[in-house]
Every structure is written in structure tokens, then in C-alpha cells.
Amino acid sequence: MSSMLSRLAATCFVLLSGSALAESVPKAKLEPCYLPNLSDQVFCGELTRPETVGGEKTIAVHYAVLPALRDNFPGEAVLAIAGGPGQSAMDLAAHFNQTLSDVRRERDILLIDQRGTGRSNILHCDEMDSLEQLSFDDQSMDIAKETQRCKDDLAVDLNGYTSRQALADFEAIRKKLNYEKLHLFGTSYGTRMVQLYMRHHPNVIATASMDGLVPLQQNVLAVGESVDHSMELMLKQCELQPACHNRFPNLRQDFESLLSNIGGQTLLQGVKHPISAEGAALRLTKSKLNGILRLALYSQQARSLLPYAIDRLKLGDSGPVLGLFGLTMSGFDLAMGMHAAVVCAEDWPRLTEQDRQALKGSLIGEDMIAALDIACPIWQLEADVADFAEPLHSDIPTLLLSGKYDPATPPAWAETMIEQLSHSRHIVFPNGTHAVAGHTCADELITAFISNPKLDELDVSCVEKDRERGFFINANTASAAVTEKESADD
Amino acid sequence: MTAWIKIYKKEMKDAIRDRRSVMAALSYSIGTPLIMCILFIAMIDKFSSPSALYLTIENPQQAPELMRHLQSKDIFSKDALPEGKSTKAITLTIDDGYLYAMQHGELATLTITADFSNDNLRSSIRRLQRELRSFSREVAALRLIARGVSPEVIRVLDVQAKDTAKPEAKGGFIIGVAIFMMIYAVFISGMNLAIDTSAGERERNSLALMLSLPIRVSDLVLGKLLAVSSFALFGLCMILLVSKIAYAYVPWQELGANVIIDGRFALYMLLFSFPLALLAASMQLFVSFMAKTFKEAQSYLTIVLILPMGMAMVTGYDIGPDMLRWLPVSGQQKALMEVVKGNVLPWDSLLMATAITLLLTGALVAALMKLLSSEKTVFSL
Amino acid sequence: MIEVHNLSKKIADVQALDQLSFSAGDGKITGLLGPNGAGKTTCLRTLFNLLDADNGWAKVDGINVKENPLKAKKGLGLFPDPFGLYERLSPREYIQYFAELNGLASSAASAACEEVIERLQMSDIADRRCKGFSQGQRMKTALAQAIVHKPQNIVLDEPTRGLDVMSTRTLRDLLLALKADGHCILFSSHVMQEVSALCDEVVVMAAGRAIAQGSPAELCERTEQDSLEEAFISLIGSDEGIAA
């Protein structure tokens, strides 16, 4: 009889004790909340942190937990870090939720609005009206005045918004949420945060996945060279695709003559605003055109329109270029103050004479350096370059992802890291552009890698599914029939 | 020691030695979660689309860009079927005029031919439609850009959704069924003992002997009631334990659900079900004391148990009227579903349901005592 | 001491007890003799307050059964027919259970249980489960249950039914020993032999009434017959339902 009772009690006790572990994650104490484009209820919290090291003023750093569907690893989370610098990770919740949807089945996803972005004391500068942007003459813009105005508006000490201080926030939030181990996932500038985390807190990192890698020792301002390289790949790819080459036999010459003929600027009257359809004038400057073409290279889809857009522009039809310009007006919501804090403190000061020489003649490099040379001294940031002299050495399992046509962080950058990362593997997507996660099978690779960090067991055969795209040969459709033989994939 | 404790102890000892009673308590508690597991896993397998989907594509040469898009989403023509994989009976036919229409910006026609009512195909068909839509959207956006118009223009509405369901609440239907199965364990597990200790006692001729002893009828009823309730709760503990282990093997994520049996849930389950165990025991004792034989009691109870089963089922499937949340069984079940969904406990209805449960139990116990004091029942006069 | 006075009970349309009166004294074995359907079992059930009499009263050691059933029943031990054993319990567990329900504390119950097992010489079967017991073993277990708490009054319902010779002897010896200890023993029977062999007093019942009460010798004398059997037939006017 008493054995019956004790058996009964034991049955219930096993159940209770077995689950006591799960209760220790204080997720329940966070506030339920919603993030843009994500209908799921998730959890949000904030942590009060000093704005500058040793300073008295504090800011609230906001974060969100997308809870695991089944919390099989309550002591772990995947920290997804946004790029930019200046993007809000929480605003990108839907994107991360999509990319990491299979990861989230077992593990929480942690999103932190890095200080100066999103909800964490965003350092935002006023932008001009989008109609003005069309006719705006960017080449005669008074960068010094604009910078000073933004600085006055923000009225904060930007020295508090560098990567290292954001890293301290991340680590404090990890501790607060009781995660013993983090899996890091960073995109573009986010990979810098990943590497800093791996360097300064290696014990709490289980794995790292980096998509569009910027090695610590790599100056992000070398992006100018990458754009040129990517543009060259695009031109070459069109030459190798029969349909594209037949349709645009003089694409390279057309592109070069466009850039040289545009001279100072061209004013095209009687165009329509790509969004509002209001009648306007489009002032096409060389730097503006460069900027539009550069951003088109970021996406596989927009990139496939480039030969057609160049061809049309040469014929005097600004339509496709205007359409691509429309893309740049929305969707790149960078917190420019925070962006400046990172770039001016971490990259601009370490520009060598050699770097400057290399960027001379680059499509956008020259303009960018010129602008920073004016803006950075105004922001008055202390150089914070200690972390960037040496590349990261680590034995943490690391997955590196690149897109072959990446106009910002070319695969060659990631390739330099293989030696220093003893447990790493670099996957290049043959048709990928900047940041491959979200529109290739990179999502599957990241999922498999996080659940089993043994890189030699990672099945990467799905990369081959990334087939070559055709370019648009008219306003309606991409060119048909791209065969393996004719492919530019070499 | 009071008589009811001695009776309780004897009944428990007797019941544990009764293989039939123990098996009855265990078989449901162990069997049900296992069967549910197998069922859910089979369901997931049947209803989800395979990771690589092979189907018949007619006239693919008309649409190379579409083929590229589909391939990147793991949808292939059966021409590329590797060994060991099977084709879904879905045919995608590309119209002969597709290429011309695409090049001229006209509508390009595709046809999906399949049995749309087939559960095996439904998710695959939906997936194909989704990918065709996404290709269509992509080309449409690029066509607009090529014409100098931002694709944003035709999105028109930015509809943001805020799903008020807690993350735990996904798959409410499955959670409802799982909880219904658990609550029902309270009714099933003690049933054999209830019959054995009442109709069985009468059949063994020990009932009159028991009543000849200098004990109160209330002691007799209480002892038996607690023994049956203990078995009911033992069955509940077992089903919780087995469910916790077994449900861990079900990939609930695939169903968009999440059945977590944690300490908090188990605690609430036992707490809320305690009055139900008493109600089940008193009801079963009452019914089987009216029967003369074991067999007779069994057939009565089978009929009587339809009532709680119906209430739990209707609540589990969420098809009953709102009033059910105030009643026994459905009230507790409703409250437990809220626990699982991470919502606020409906204290008002839970307390009411519990009160009604206890009142009913009290009434049944009183009736039971009256029954056992009646010479008519005892001697079937 | 068991007294029954003017007890009437109607069950359905049958007058099961009709102003039944008798008494069974201490240190005596009293037999309730009557044909089937005479009301013997009804009488015993009324004695245990299982049935509610329409009229009259039953007293156990002077305590009115209806007014104070728990106290009255403490003075009773019942050897039922059928035995009503729990097959999954051993005799020791079974006897102990009844001892405790009859109000003995745990330790006292154990001691009493051991004593009665000794007395009935059933130690060899005491710890086996009752399932599969012979009729004799069952009888001993039931008997032990009836006397374990040493009730002043022991009631036996058709005790020898289905018993073999050995078991009947055991039972008889025990009853005689209990009588010698001053207990009041009341048993119902329709077996003449048994009654005449054991009883100091016989209550002859028919149609719910006590027709006569007295020692077998007195009854013979009163009816001017040689044997109890003859006396009985002459008392009730028929031998239907009676076994020799």
C-alpha cells in the first residue's frame, strides 16, 4: 500500500523535477510585443546602459526574443546581428524569422537593436523629401553643413556608439537572459560584431555564421573596389550569355561612354516620380548614377535589369534607371549618426595612403572618401582601431558565406579568414550577391550547421541549385535559355 | 485509525493485486499517448510536402526562367527524378504561347492538373502555387522598374498582422485533443476498480458482510471513493509522464503546434483534475452499485462515460457553446487549454466548474450512502 | 445475549417476519430452525440492522440494534453464507482487516489475528491468497473473521452448508468451546441433525413466527414425540424444506 503511494508520488515528482530546468529562462518576464511584418507575438525587453564608458547618461538598449517553438536548448540562443552599420535588427525580425525559421524550432532567436539604431536611441539624420532627391544636385551638396546640422540635431557624444561598446551591451543582455551559449549570425557589418564577440568572449560562443564577411583587418571603405569588381563581373556575364550579348552587343562601351559623357550632370525634364508619379526633373549626376547602379548590384533581381537599364539610358530613356532609383528611396533605412560613429572611428582613421591610391578611379570610392574626409573631422570621433590591426584567430566553428557577385563584401575577403579560423568553411554561392541568406539555400546550411557544428559533415550540395539567372532583354522578361556551356560560371 | 483509512488501504492493496484493475489504469495511460504519437507523426508525414518535390512538367522549354526559379525552391520535373524518390501526381502544363506572352508583357498561362481534394497532394499543390505566385510577383516588380515605376506602388496596403495567440497557443486543436485524452484518463483509470469494489463486492457476497460490521456507511463510501480516485489520479500521472516522454518525439513544429508538458502544466493538470477524479469515482461507484454484476456495471458505465467524453471532446475540438466553460470536465479542460496557451487563467469559470464538480460529487456521495443504507439495493429486493 | 421481540417485517407482499420473539442466552448454543422461506435469514439481517423491521425490536446484550447499531454490532460476529472472501487477500490480511473494522487497534488486531489462526490451526494457509482455497479452508477463514474480535455473540447463517465431515467437526468443536467460554451462539439452519446435536435451545420458525422455543428435550416432551424431527413436523405440520 505505502509502496503504491510512494510510486504514485514518484511519478509526479519526476515530471516536476524534469521540467524545473525549463523554468529558469526568464523569458516569461519579458513583455509580449510585436515587430514589423511579423504577426507572431514575441518577447521584448530593454537594458539600461551607460551611453559612454564611465559616463553618467544612460540609454535603453532594446532587444527581442523570438521564442523557440520547442525550447530544446533553453541555455542557447541565436543572436542575429544586422548590417549597415545602422540597420535595426528588430525591424528586420521578419527577415531573420524567415531565414532562421528552422533554427527557431529548437532555439530562441535574440535580436538586439544595436545602440544608435532602431529602438535603442536611434541616431537619425533628417532626410530630404523623395521628390527633391530626383532633382537634387548631390555633387554640389555642402557635406560639412549637412553633417554639422545632423550633429547639432542629435546632440550626443558619438564616441559611445562604436562596435566595442555595442558588444558590451550584447554581452550584458546575454547574461541577463541567462543564455550560456550563443550562436552568432551576422550579415555584412554584422560580421564585424560577430568577430569582435568571438575575440572578446570566445567561451560563450557555440558557433558563428557570417554572411558577407568583412574581416576585422579589412577596411570597410574598400567597398569601392568591390563595386567595380562586381560591375565588371556583370558586364562579363552578359557578354557570355548569348541572349544578353546578342541583345546588348556594345554594353561595355555603352556603360563607359555613359559615365564619361554624363560629365558634370544631365538634367532630364518631364520624368515622373517612380512612386508618386508626380511630374519632376531628374538631375542625373555621375555620382548619383553610380549610386543607383551600385545598389542594383546588391540584389539578384535588380541586377538582372542593369544591361537593359544602361541600354535604355544611352538611348535617352531614363525609365529603368528611374525605377532602380525608386528602389533606393525606400528600404535602406540606416541610422546615419550611428553609421558615422562606426565608420569614422573604426575605418576612416586607418585609411592608408595606399588605400587612398587604390580607390582613386573607383566608381564610388573616390566620392565616398572625399565625403568622409569632410564629415569625419566634424563628428570629432576618437579613433578606435585597436581591434582592427590583427585578424581574428579562433577555433570556434565558423561558417562563412559569400555571393560571387557581391558588390560590397567579395568572396576574396572571406577567403583570407580561412587560415585564421581553424574550424571554418567558406561557401561561395555562384550566383549570390550581397548577403546570401534569405534567398538561397544558405538558410538550410546555417540550420544544419547550428544543429551540428561539425563542418566536414555539412552537406553543401544544395549550393548547386543556385542556377544562373538570365538578364532582362526587354521590359518584360529575362533572356531565355542559359545553358551550362555558355554560363559565365568559371 | 478511522475506519475509512483502513478501508482505503485494503481497497488499494486489493486493487494493486488485481491485474485487471492495474492494467485498466495503465493501458489507457500508456497506450493513448503512444497511439497519439504514431498518429501525429503519420499525419505530419502525410500532410507535409516533401523537401524535394518532383512533379510532371509539360512544355518546360517554354519557361526556362520559371524552371530556374522552381528548382531553386526544390521543385523539379520528374525527368530529373533520382532513384528512391517518388513523383507527386501533379502536372504543371506550360502553355505553348508562354514564351511569346512573357516577352510581350502579356498574360502567360500555366495549368495545374491534380486531385485537389487529395490530402497527400494538398500541401504540395499549395507550395507550387506559392512559388508560382512569388515568381509572378518578382517578374511583375522588375517589369515595373523597367518602366520607371517603383513596385511599391502596386503593393497599396501594408497590412500588418498582430496575432494575439501566445507562441504556445499554436495548434490549439492538437493541444485540445491532447488535453482531452489526458482528462479522460481520470475517468478510464479508476473505472475497473470502481466496478470491482462495488458490483464486484456484491457479486462476491462480501457487501452484506461489510455492512454487517460496526462501521458507518460513510466510512465505507469514503474509503472506496478515495481508492478509486487514487487510481484515477495515478492514471493521470502516468499519462502525463508517458506523454512527456512520447510527445518529445513528435516534430510538433511541422504542425505549427507545440505541446509542452512542463512542471507548471502537470501541476495545474493534477490540481484541476483532483475534483474531477472525485466526481468520476463517485459517479462510477454510484452507477456500479446499482448493478448486480460486474458485467452489468460495465455496460452501464460504458454508456454513462459517454457524457464526460462528449463534454471533453466538444471542448477539445472547440465546437461547444461558451456555457461549457462553467461546467465540470469542460470547465477544467478549458482552463488547462488556457494554461498551455500561456493565457490568463479564467478563474471565474474554473472556480464555478470546480464548485459544480464538488457539488455533484457531494450529491452523488449522498445518494450513494442512501443507496447503501437501503435494504432494497443491498439485497436487490 | 440476543433478544428479539415482536419483530414484524413485510417484504413485498410476503410477511417475512410475523411478531417474531425469542431470545438466545449467553453460554448457550441456540438454533434457529425452520424450513426454507421461514424467515431465518430475514431475522438475522434484521439483527444486523441491514433490514428495518416494521415493528418490534432486536437487542444485542441489551442494546437496541436499530437505535444504536454501531454499538450493538460491536457485540456481534457474523459467519455469513456465502463466506464473501477477498480472493486477493491472504487469510491473515483478511482476518486482520475485519478485526480492525470491528474496532481493534492495529497491534491488538494483529495479536487477535495470530491467536485465532492458532486456534483454528490454519497457520499453514494464513499467508497464501484465498484464491483457490478448498471449502474447508474458506470456512476456517470465514469463521476466524467472525470470532477474531471476540464478540460476545456469534451469529452463523447456515454454517454447515456444503461442508465436508472434517470441516463440520472443526466447526462443531469450536462452537462448543465458545459456548464453554460463555459466548452466546445463534445459528440458523434447516438441518435437523446439526441442530439436535449442538443446540441447547431451539427456536422453531415457520412463516415468520417462532412457533416454539426450548431445549430439544423440552420440545419433544411438549409435542409428545420421540425425536426432535418428529417434534418439528408436528409443530409446523409438515416436513417440507427440512433436511434430516
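This is a predicted model: local features need pLDDT of at least 70, side-chain atom pairs count only at pLDDT 80 or more; totals for chains, interfaces and linings use all residues.
## Overall form of chain B

Chain B contains 16 helices and four strands. Its radius of gyration is 30 Å, well over the 21 Å that the globule rule gives for 381 residues, so chain B is more spread out than a compact globule. The C-alpha trace spans about 100 × 45 × 35 Å along its principal axes.

## Packing and surface of chain B

Of the 381 residues in chain B, 54% are buried. Take the contacts between residues at least 6 apart in sequence: 75% of them join residues at least 24 apart.

Chain B exposes about 16,600 Å², and carbon and sulfur atoms supply 63% of that area. The chain carries 38 positive and 32 negative charges, whose mean positions lie 8 Å apart.

## Cis peptide bonds

In chain A, the bond from A:Gly84 to A:Pro85 is cis, with omega near -5°. A:Pro85 sits in the loop between strand E4 (76-81) and helix H2 (93-99).

In chain C, a cis bond links C:Asp81 to C:Pro82, with omega about -5°. C:Pro82 belongs to the loop between strand E6 (76-79) and helix H3 (91-101).

A:Ala277 has phi near 65°. This residue lies in the loop between strands E8 (265-272) and E9 (279-285) of chain A. A:Ala277 is partly exposed, at 45% relative accessible area.

B:Asn59 has phi of about 70°. Its loop runs between strand E1 (53-58) and helix H3 (64-72) of chain B. B:Asn59 counts as buried, because its relative accessibility is 18% and the cut-off is under 20%.

Notes. Residues are numbered from 1 along each chain as its sequence is written. Chains are lettered from A and ligands numbered from 1 in the order in which they are written. Side-chain values use heavy atoms; hydrogens and water are left out. Helices (H or I, at least four residues) and strands (E, at least two) are DSSP runs, numbered from the N terminus. The radius of gyration is taken over C-alpha atoms; the globule rule is 2.2 Å times the number of residues to the power 0.38. Buried means under 20% relative accessible area, exposed over 50%, partly exposed in between (1.4 Å probe, protein chains only). Contact means heavy atoms within 4.5 Å. Accessible areas come from the Shrake-Rupley method with a 1.4 Å probe; for residues, only the protein chains shown count as cover. Lys and Arg count as positive and Asp and Glu as negative; His and the chain ends are not counted. The place of a charge is taken as NZ of Lys, CZ of Arg, CG of Asp or CD of Glu.
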